[in-house]
Structure formats: structure tokens, C-alpha cells
Amino acid sequence: MEDLSTQIPFDYWNKLATQVITISSLLGGFSIAIIANILVSQLDTRLVKVILTISTLAASFFLVAIFAMTKLMLMTTDGYPFQVVAEELSFPRLIGSVSFFLGIFFLITMISLSGWTKSKIMGRLTTGIGIFTLILILLMTS
């Protein structure tokens, strides 16, 4: 079976990496802003600690995606100073993709849990919205 990276031109991987870097930067910044807000808040419940942990995971995975996709982008840019074969793209592509999707998963989890800090009704609503969002994202990426 032929590797996917040998079928798709470097220019495509370059543009895809650029888009993932942009999206990860925005979502990672959002996750970090949530972390900062939680750290300065006076709330100290178990749920807030869980949301803080999940926000930290989301931000961390988005950061990993940024650096992995930056490596992929550089390797597929004209003028890259080293010889690149398609197989060398597999590792940064895998790490970047997995990190990106884990970041999205944890971000949606954080959104889903946020309503529970206010009430059961808001918790159910935000959880439903989070599940619906996850389903739509999975449908759009398959």
C-alpha cells in the first residue's frame, strides 16, 4: 500500500500546515485566555479545577500542533536547505494532526463543562451543544 504523503504534492501539505497553524494559534490563545481567567477567579471548586486541567491540555495540544505543522510547512517550502523525501513528512504530520484533534476535543470538553459551573440546566445545555459540535466536526473531517 502506498503512503499518502507520496501521492499528495508538497504544496498541498504546505498550505494545509499553514491553515492548521493559524487555527491552532487562535484556539490555543483562546484556551490560554480561559486558563488565565480561571487562575485569577475566586472559584475553587472541583469542577473549576477539572476545567482548568482540560483547558491546559487543550492549549498544550494546540501548541504541539503549531510546532509540528511549522516543521511540516518549512520542510515543504521551496528553498528548504535540505533534501526532503515524502516519508520524512509522516512524523510531523502525524504528531500535528493528532495534537490538533486532541486540542479540539479538549476545547469542546471545556465548553461542555462550562455551563455546569452555573446550573444543571446550563450544564445540560452546554453539554448538548458540545456533543452536537463534536458530531458536526467529526462529520466535516471524515
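Biologist: Let's start with the overall layout. How many helices and strands does the chain have?

Modeller: Keep in mind that we're looking at a predicted model. The chain comes to five helices and zero strands, so from the N terminus the elements simply read α-α-α-α-α. The C-alpha atoms fill a box of roughly 55 × 30 × 20 Å along the principal axes.

Biologist: And what share of the residues counts as buried?

Modeller: Of the 142 residues, 32% do. As for contacts with a separation of 6 or more, 73% are between residues 24 or more positions apart.

Biologist: How do I read the way two helices pack? Take α2 and α3: at what angle do they cross?

Modeller: Look at how far apart the axes come, then at the angle. The axes of α2 and α3 come within 7 Å and cross at roughly 155 degrees. Angles over 145 degrees count as roughly antiparallel, so that is what α2 is to α3. Their crossing is left-handed.

Biologist: Then what about α4 and α5? Is their crossing left-handed or right-handed?

Modeller: α4 passes α5 in a right-handed crossing. The axes of α4 and helix α5, residues 120–141, come within 6 Å and cross at roughly 160 degrees, and therefore α4 and α5 are roughly antiparallel to each other. On the α4 side, the residues making the contact include F101, I104 and F105. Among those on the α5 side are G123, G130, I131 and L134.

Biologist: Now the inside. Where should I look for the nonpolar core?

Modeller: The general idea is that nonpolar side chains tend to be buried together in soluble globular proteins. Here the largest nonpolar core has 23 residues, and F62, M69, L89 and F100 have the most contacts inside it. Helices α2 (10–40), α3 (46–75) and α4 (90–114) each supply at least two residues of this core. The largest share, nine residues, comes from α3.

Biologist: Let me zoom in on F62. Which residues is F62 in contact with, leaving aside its neighbours within four places in sequence?

Modeller: The partners of F62 are S24, L27, G28, S31, F100, G103, I104 and L107. Have a look at S24, found in helix α2. At 0% relative accessibility, S24 counts as buried. With sequence neighbours within four places set aside, S24 is in contact with F62, A65, I66 and F100.

Biologist: Which rings are linked into a cluster?

Modeller: Ring pairs join F61, F105 and F106 that way. F105 also belongs to the α4 side of the contact with α5.

Notes: Residues are numbered from 1 along each chain as its sequence is written. This is a predicted model: local features need pLDDT of at least 70, side-chain atom pairs count only at pLDDT 80 or more; totals for chains, interfaces and linings use all residues. Side-chain values use heavy atoms; hydrogens and water are left out. A nonpolar core is a set of buried Ala, Val, Leu, Ile, Met, Phe, Trp, Tyr and Cys residues joined through side-chain atoms within 4.5 Å. Buried means under 20% relative accessible area, exposed over 50%, partly exposed in between (1.4 Å probe, protein chains only). Helices (H or I, at least four residues) and strands (E, at least two) are DSSP runs, numbered from the N terminus. Contact means heavy atoms within 4.5 Å. Rings of Phe, Tyr and Trp (its six-membered ring) pair if their centres lie within 6.5 Å; planes under 30 degrees apart count as stacked, over 60 as edge-to-face and the rest as tilted. Axes are lines fitted to C-alpha atoms, for helices over the stretch in contact, and angles run from 0 to 180 degrees between N-to-C directions. Angles under 35 degrees count as roughly parallel, over 145 as roughly antiparallel, 65 to 115 as roughly perpendicular and the rest as oblique. A crossing is left-handed if the near helix is turned anticlockwise from the far one by less than a right angle, and right-handed if clockwise.
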